[in-house]
Amino acid sequence: MVKSIKHFAEESISIFEKLEDDFYKHPDKIAEYVKGITRELHKVGLLMIQESLEQMNQQLKDSGKRTTGWYVEKDQPKQLVTSLGTVYFTKTLFINRETGEREYLLDRILGLEKHERMTEDAVAAMLEESVQTSYRRGGEESSLEGAVSKQTVKTKLHKLKFPKNTEIPEQKKEVEYLYIEADEDHVSLQFQEHKGDLKETGNGQKNNCLITKLVYVHEGVEPEAPQSKRYRLINPRYFCRVCDGKDNEAFWDEIYEYIASHYDLEKVKKIYLNADGGGWIETAKTRIKGVTYVLDEFHLQKYLMKMISHMKDSADDALRELRKAIRNGTKADLVEVVERLKNALPEERIESGTMRLEQNRDYILNNWGAARIRLLRKEGVIGSSTEGHVSHILSSRMSSRPMGWSRTGAGKMAELRAYYYNGGDMLELVRYQKTELPKAAGCEEKSIFPGDIIQSEKCRHGMLGKYVEAMTHSVSMQTKKKVFFNEHIWGL
């Protein structure tokens, strides 16, 4: 840290003193005081990172161990985007003596993939913002200075891999009732895999609608505060996916795996599935043992309201009759009520009204048991919140404003939204992407010998001169750094 120490002692301290003097003269200019300090600290931070990287690179060049496998080709100026800013430094391209492979060995030690120009912290900041707002804002927030392009954000997102349920609790939870809620959002596609691949429907319109699926598991609801009328879910866990066919089964299997690993299913009286009866949701009945399907309140009410839209002043009475037939009667009773509603249709709406009534009647008949359980409010049955959660988890980012996705982009963003709302750490997600390199040979713990310390201290005093008094250590950090970094060189 010779350069950064000299810069701090010769330039930064005087800048700080001047900033403080100006602040004392103009106490109302605290904003300028804060900004000035931040600007200088930012400069020193980038200089420290640059110096550390170049010292590591030089140690690679000077290493005798490295020469047995690699030789130097050339030094090149490079830049690395960090969350603090862009660092400009020089690193060396090496050639493998046996294979002829060219590689920046410093990148390998730093854990950077080939051609990677962003550090993990910058990528994590980028994902943290883009999952909430947009690709453009994600690129801007990746670094304190400058920005990466929307295309870079998109490329990073498309390559994301997400960890499966690996956190197994020491003791499974014991609850009486468990709730699964499922619904979907419809997003607009620009294309499926590449531009121009959208197919046209029979009426000449492009089939650009994609279903993104949301499932969440929770233990019920509770007030947000002791006197609050607002409620929140207890320990929710979100799952989002874009999938079809057999992939639906894998999706539900993943959800069941989470439930089985986190809850003592022998102590659970009922697992209620609140949903609208979509085809992909039906798959849950065969993949999750003992689940009881309940038609969610929103969709039940929506179909009932469609059936009475022509009843005007008698609408409330008709709604009570429909709900009574479902709750206490039989399917035949519901059909009889619907026939009476048909007779009340205005003459000019008989054809369209009859079709509407029959379609909504058939939906309820196809979900008869689930609708009845909803209205009977059996023990443990609670209201559903699927529409609100679809809006909050998916729609607010993916479909509430005009935007177009690819199938891959929509799928990855949906999973990223679930990861975010499950409290996932973006830095951990970034690190999960990396392929584990073989453990470096020779990385055993190394001793720091007295001779190394003495020699390093002599060199260090010569480099730092009058600044050395400002850096007091019981054991030379300079020597420690060399020994620690050598462990990585020995593994190349």
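**Exercise 1. Find which residue of β2 is the bridge partner of lysine 78, then work out how the strands around it are arranged.**

Step 1. Look in β2: phenylalanine 89 is the bridge partner of lysine 78. Strands here are DSSP runs of E with at least two residues, helices are runs of H or I with at least four residues, and both are numbered from the N terminus. Keep in mind that this is a predicted model, where local features need pLDDT of at least 70, side-chain atom pairs count only at pLDDT 80 or more, and totals for chains, interfaces and linings use all residues. Residues are numbered from 1 along each chain as its sequence is written, and side-chain values use heavy atoms, with hydrogens and water left out.

Step 2. Zoom out to the pairing. Two strands pair if DSSP finds at least two bridges between them; β1 and β2 (residues 86–96) have 11 bridges, in the antiparallel sense.

Step 3. The open, antiparallel sheet has the order β1-β2-β3. Its edge strands, β1 (70–81) and β3 (102–103), each pair on one side only.

Step 4. Now spot helix α2 (residues 30–62), which lies across β1 and β2 and runs at about 10° to β2. (Axes are lines fitted to C-alpha atoms, for helices over the stretch in contact, meaning heavy atoms within 4.5 Å; angles run from 0 to 180 degrees between N-to-C directions.)

**Exercise 2. Decide how many residues of strand β10 are buried, and which sit on each side.**

Step 1. Count: 5 of the 5 residues in β10 (residues 291–295) are buried. Buried means under 20% relative accessible area, exposed over 50%, and partly exposed in between (1.4 Å probe, protein chains only).

Step 2. Sort by side. In a regular strand, side chains alternate between the two faces of the sheet. One side of β10 has Val291, Tyr293 and Leu295, and the other has Thr292 and Val294.

Step 3. Find the neighbour: strand β9 (residues 270–275) runs parallel to β10, joined by 5 bridges. Here tyrosine 272 stands opposite threonine 292.
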